[in-house]
Amino acid sequence: MPGVDRVISVALTIEQPRTADWIAEQAAVSPTTARSHLERLVDLHILSAVEQRGAKTYYPDAAYQRFKEVSQLIEEHTRNEIETIAVTAKEDIEELRETYDVESPDELRKLATAEDTSSTEAREYFKKASEWDSHLHTVSIAEEALERYEKFSDHYQPSVDSAV
């Protein structure tokens, strides 16, 4: 795999901002090479960069990541499958809401830190709140995929200007 592909692969999978040196080491390229590729990815809005304590760090651009998730969902699923994914995630949210008698993952997290909550219950509440967040994210991505399905699916044909 070429160095640029290794840099992209590492940079798009990091979960927290990382320096060019760290990404270079993971991608097995020189820091100079990594920096060059990373700056190009920032220019293309695939990555974002921020200065932290005198070091520039890189992380996946949130807008790019969201677009990538939406387009991947459209590419890999039919409209009916995406609808099923959204409905299933909504059902899971409803079940969490009913099971814990709260309206949001944040309310569940508040229960976890309540004085009379045991450590076992707290772990469960935090875990379920995280699952709830994940289901909310799934619903959001599925809804956007459904909105854009016709335009981004394989059967979309852009209009051709007859004057060309």
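An axis here is a line fitted to C-alpha atoms, for a helix over the stretch in contact. Keep that idea in hand. The model is a predicted one. We start with two of its helices.

Helix H4 covers residues 62-76, and helix H7 covers residues 119-152. Their axes come within 8 Å and cross at roughly 65°. Angles of 65 to 115 degrees count as roughly perpendicular. H4 and H7 are therefore roughly perpendicular to each other. Their crossing is right-handed.

Which residues make the contact? From H4 come Arg-66, Phe-67, Glu-69, Val-70, Leu-73 and Ile-74. H7 supplies His-137, Ser-140, Ile-141, Ala-142, Glu-144, Ala-145, Arg-148, Tyr-149 and Phe-152. Sort the residues of this contact by class. Nine are nonpolar, two are polar and four are charged.

Now pick out the rings. A pair of aromatic rings is described by the distance of the centres and the angle of the planes. In the whole structure, a search finds two aromatic pairs. One of them is formed by Phe-67 and Phe-152. The ring centres of Phe-67 and Phe-152 are 5.7 Å apart. Their planes stand at 90°, so the pair is edge-to-face. Phe-67 belongs to H4 and Phe-152 to H7, so the pair ties together parts that are 85 residues apart in sequence.

Another pair joins Tyr-100 and Tyr-125. The centres of these two rings also lie 5.7 Å apart. The planes meet at 85°, so this pair is edge-to-face. Tyr-100 sits in helix H5, residues 79-100, and Tyr-125 sits in helix H7. The two tyrosines are 25 residues apart, and their pair links distant parts of the chain. Both Tyr-100 and Tyr-125 are buried.

Stay with H7 and look at Ala-129, which is found in this helix. Leave aside its neighbours within four places in sequence. Ala-129 is then in contact with Pro-105, Leu-108 and Arg-109. Next, follow the chain from Ala-129 to Arg-148. These two are 19 residues apart in sequence, and their C-alpha atoms are 29 Å apart in space. Arg-148 is one of the H7 residues in the contact with H4.

His-135 lies in helix H7 as well. With a relative accessible area of 18%, His-135 is buried. What does His-135 touch? Not counting residues up to four places away in sequence, it touches Ala-89, Asp-92, Ile-93 and Leu-96.

Finally, go to another pair of helices. Helix H1 spans residues 3-11, and helix H3 spans residues 31-43. They pack at an angle of about 65°, with their axes 10 Å apart. The crossing of H1 and H3 is right-handed. H1 brings Gly-3, Val-4, Val-7, Ile-8 and Ala-11 to the contact. H3 brings Ala-34, His-37, Leu-38 and Leu-41. What classes do these residues fall into? Seven are nonpolar, two are polar and none is charged. The contact of H4 with H7, by contrast, has four charged residues.

Methods:
Residues numbered from 1 in each chain as written. Predicted model: local features only at pLDDT ≥ 70, side-chain atom pairs only at ≥ 80, totals over all residues. Heavy atoms only, no water. Axes fitted to C-alpha atoms, helices over the stretch in contact; angles between N-to-C directions. Helix = DSSP H or I, 4+ residues; strand = E, 2+ residues; numbered from the N terminus. Parallel < 35°, antiparallel > 145°, perpendicular 65-115°, else oblique. Left-handed = near helix turned anticlockwise from the far one by under 90°. Contact = heavy atoms within 4.5 Å. Nonpolar A, V, L, I, M, F, W, Y, C, P; charged D, E, K, R; others polar. Phe/Tyr/Trp six-rings, centres within 6.5 Å; stacked < 30°, edge-to-face > 60°. Buried < 20%, exposed > 50% of the residue type's maximum accessible area, 1.4 Å probe, protein only.
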